[in-house]
Amino acid sequence: MKSIFRPKPIIRDVPLTLENLDEQARTRRGLYAEWLVTNGLGGYASGTIGGFNTRRFHGWLIGALPAPLGRMMMVNDLRERIHIDGKEYPLSCLDFASRESIDSESTKNEPVTPVHEPVSPYLHNFRLETGLPVWTFRIGETVLEKRICMVHRQNTSYIKYSLLAGSARLEVQPALHIRPHEGTVEGSLPEKYRFSAVEQGFELFAGPDLPVLKFSWQGGQTSFRINAREIRNLRYRIEQSRGYDWQGNLWSPGVMCSELKTGEQVSLTFSSEDWVQVQALSAEAAFAAEIERRRRLLRMAPEPAREGFAAELVLAADQFLITPMGRLSDQVRAYSLGDETRSVIAGYHWFTDWGRDTMISLDGLTLCTGRWKEAEYILRSFANYIRDGLIPNMFPEGQQSGLYHTADATLWFFHAVDRYFTATGDAETLEFLLPHLVDVIEWHQRGTDFGIGVDPADGLLRQGAVGYQLTWMDAKVGDWVVTPRRGKAVELNALWYNALRLAAEWLSLIKKDDQNCVRFTEEAGRVYAEFQRRFWNPQLKCLFDVVDSPREQDGQLVDPHDDPSIRPNQVIALSLKYPVLAKDKWTAVLDVVKAQLLTPVGLRSLSPDDSNYKARYDGDLYTRDAAYHQGTVWPWLIGPFCDAWRRTYPEDHQSIAGFLRAFKDQLCDDGVGTISEIFDADPPFTPRGCMAQAWSVAEVLRSYLAKPRDASPAHKGR
């Protein structure tokens, strides 16, 4: 019998040894495969597995601080070297903007791994153990292991070095630039920093409005050598390729040193918390606590998700569930009711919490992982954010309030509530949410912000305001909205129909014979009939993407037309609990989507036959956003596609397994142990965008665990 009490460690090995990879492949893996550790607040530590910072977001402590600070880069880099028998071996690398930088006075006499060797030749292995990174370095008979963890719900990072064989001197030089998360990388003047030794370790004061950064260096024979200096003209090559701020400076207070023998270890701690919190756990205790917390997550998950691929995704899902630090008024309101605040980080490194991503991800991140209470907290939190019938599109970094420019996030809220209630039967929470949901429908019926509202002529939902991108296809460069999709979008009306049917169902269940139940049912019947009439494209045997879609002229919307672009949004019309598309059209739609949009890693956002199709998502911001929803593959769409396929072909389990197979290999690419935001539209489907994306992980996990289900009950009131 399998034990449910002590899940075995989940190990993901990433091949790095020269026996497995040639030098070019090893370099690429070390440069572009990234690791991520999070703290449940939105803070994190992250970098490349080769130790080469390629993004301005890479660092060993990125703290999540109360508004107005938001997330802050606190510790950027660690320059690690090991000395054996008087000879020095570099374990990490720096990327300089020019050879002159390497030879400059600021780095004179400092050993620097050449720019063309971004992976230390002594890095023997990288792996994840229960989701936590482990590096193994081998120099002859000497073997050094490095690990990192963060304390849950603290801005504290622990880096532990263990000498498994041999004897050596380890030197670690922290290099930093304390700045806002997306602030310039140019580097502040070092005279602003005040570094001092205290009884507990070391402190760095960086400004009156910033927390003091604490350092602790503990182990056997440890020492600190003061050697304050700037490290100038560093390059962040991914930022350079993306057209962002990419060249900057770091400052180092000195070098941490330790003499190690076989079996000995030393730990380096960084924290923005009070010393009382920092000292509450030793490094050993911190690692043990975090491993036990992760084992509990696996024990909470359903049995099929406690090992293998699904277990890895359970651990990946944990990275996105956060207690938002900045919105103190929300915490007070939640605590007064006996609740807690929860939200979802949409993706790492640069996204904050987004309403749409949260609602689409809720099932996979919480219900499929056994974290039902957190699902409840998320739904209650977002119910309190509703304004004029809309939930926030996003919460900007360091701000107390959200932005509401979204037409679909609120409708996905209904879907999330349905998944929660189906999984838990929690009638009390449903009763709390129902008045908010009825209010949402009434706002949509009479019209709300950004042109979002029901067209009284046909009952279909329309949206559109000049200068705004309101659906999930939301790329915008300056004033250019790349895919405005103004008018009556196919997935908005599928979600609107589903929301009406769900609301009627819940009103019947909770309030019985409520007049709104009858009204919403009748309205749903009208939407259903008009959808069949307006959205079916008989020439292409699939659905229009948008009907009554106007173009912009002189700041006005004119000349409405029907958009025949073949996009993945149409699968949502048959994937929700109440499908708005008539059953006799399901097979035809899936045939088109499978033939033109399906890839091994999700659905393309546009057919390759379209003149606007872009095969690669690469280059500067303008070029990337032009491709973002014009072909680029989105993994999250595999969820609605699999739902639609199961509904249409309920006995075809083999195809579903095939649609998901390639994602197992993706856990070794780009973001190790997680799934990227997007992929190029053509082979080899290179990962792009965020290295870890909430709805990618959530929808793959949900689809992997989903059981076959019959089609929803037949439409009433046809």
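Start by selecting the open sheet of nine strands, whose order is 1-8-9-10-11-19-16-15-14 with antiparallel pairing. Strands here are DSSP runs of E with at least two residues, helices are runs of H or I with at least four, and both are numbered from the N terminus; two strands pair if DSSP finds at least two bridges between them. You are looking at a predicted model, where local features need pLDDT of at least 70, side-chain atom pairs count only at pLDDT 80 or more, and totals for chains, interfaces and linings use all residues. Residues are numbered from 1 along each chain as its sequence is written, and side-chain values use heavy atoms, leaving out hydrogens and water.

Now colour the edges: strand 1 (11–14) and strand 14 (194–198) each pair on one side only.

Next, zoom in on strand 9 (residues 132–139) and strand 10 (residues 142–150), an antiparallel pair joined by six bridges. Click on Trp-135, and you will find Lys-146 of strand 10 opposite.

Contact means heavy atoms within 4.5 Å.

For the last stop, show helix 6 (residues 308–318) and helix 19 (residues 694–705), which pack at an angle of about 145° with axes 10 Å apart. Axes are lines fitted to C-alpha atoms, for helices over the stretch in contact, and angles run from 0 to 180 degrees between N-to-C directions.

Which residues of helix 6 and helix 19 make the contact? Select Phe-309, Ala-310, Leu-313, Val-314, Ala-316 and Ala-317 of helix 6, then Val-697, Val-700, Leu-701, Tyr-704 and Leu-705 of helix 19.
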